[in-house]
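Dear colleague,

Please find below the structure that I am handing over to you.

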Amino acid sequence: MRTADAVVLTSKDIDGKLSELAAAGIKLSLAEPCRCGNCNGLLDRVSPATETPGHAPDPGETNVWRCRSCEQRFWKGSHWSNVAERLAEH
Ligand SMILES: [Zn+2]
């Protein structure tokens, strides 16, 4: 069920899939945000002095990234922490 460049995942749930990857020697980790989750465009870090829309945090207090293509803003919110905790469990 494994070739040189592929692993077959049989679990239906995310935790099961992460366990299978860990058992295959593949450890996932979070990197700095670099691609837009909306359009896959490249992200640029927003300068701390830049104003952001009301729904986004102040870039002077929190790291914020902006998509070059669709201008959506991203930051490491509670979802980021939840993903990091989940990855750390495997
Ligand atoms: Zn985008």
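**Zinc site and largest pocket**

The site of the zinc ion is tetrahedral, with angles of 99 to 120 degrees among its 4 donor atoms (four donors count as tetrahedral if all angles lie between 85 and 135 degrees). The model is a predicted one, in which local features need pLDDT of at least 70 and side-chain atom pairs count only at pLDDT 80 or more, while totals for chains, interfaces and linings use all residues. Residues are numbered from 1 along each chain as its sequence is written, and side-chain values use heavy atoms, with hydrogens and water left out.

Cys36 (SG), Cys39 (SG), Cys67 (SG) and Cys70 (SG) coordinate the zinc ion at 2.3 Å; donors are N, O and S atoms within 2.8 Å of the metal (3.2 Å for Na, K and Ca). Along the chain, the donors follow the spacing C-x2-C-x27-C-x2-C. Cysteine 67 is buried, with a relative accessible area of 1%, whereas cysteine 70 is partly exposed, at 32% (buried means under 20%, exposed over 50%, partly exposed in between, with a 1.4 Å probe and protein chains only).

The largest pocket is lined by residues including Leu30, Arg35, Phe74, Trp75, His79 and Trp80. By class, the lining has 8 nonpolar, 3 polar and 1 charged residues; Ala, Val, Leu, Ile, Met, Phe, Trp, Tyr, Cys and Pro count as nonpolar, Asp, Glu, Lys and Arg as charged, and the others as polar. A pocket is an open set of points on a 1 Å grid where a 1.4 Å probe fits, with protein on both sides within 12 Å along at least five of seven lines, and lining residues have an atom within 4 Å of a point.

With kind regards

Terms used:
Four donors count as tetrahedral if all angles lie between 85 and 135 degrees; four count as square planar and six as octahedral if opposite donors are over 155 degrees apart and all others between 65 and 115; anything else is irregular.
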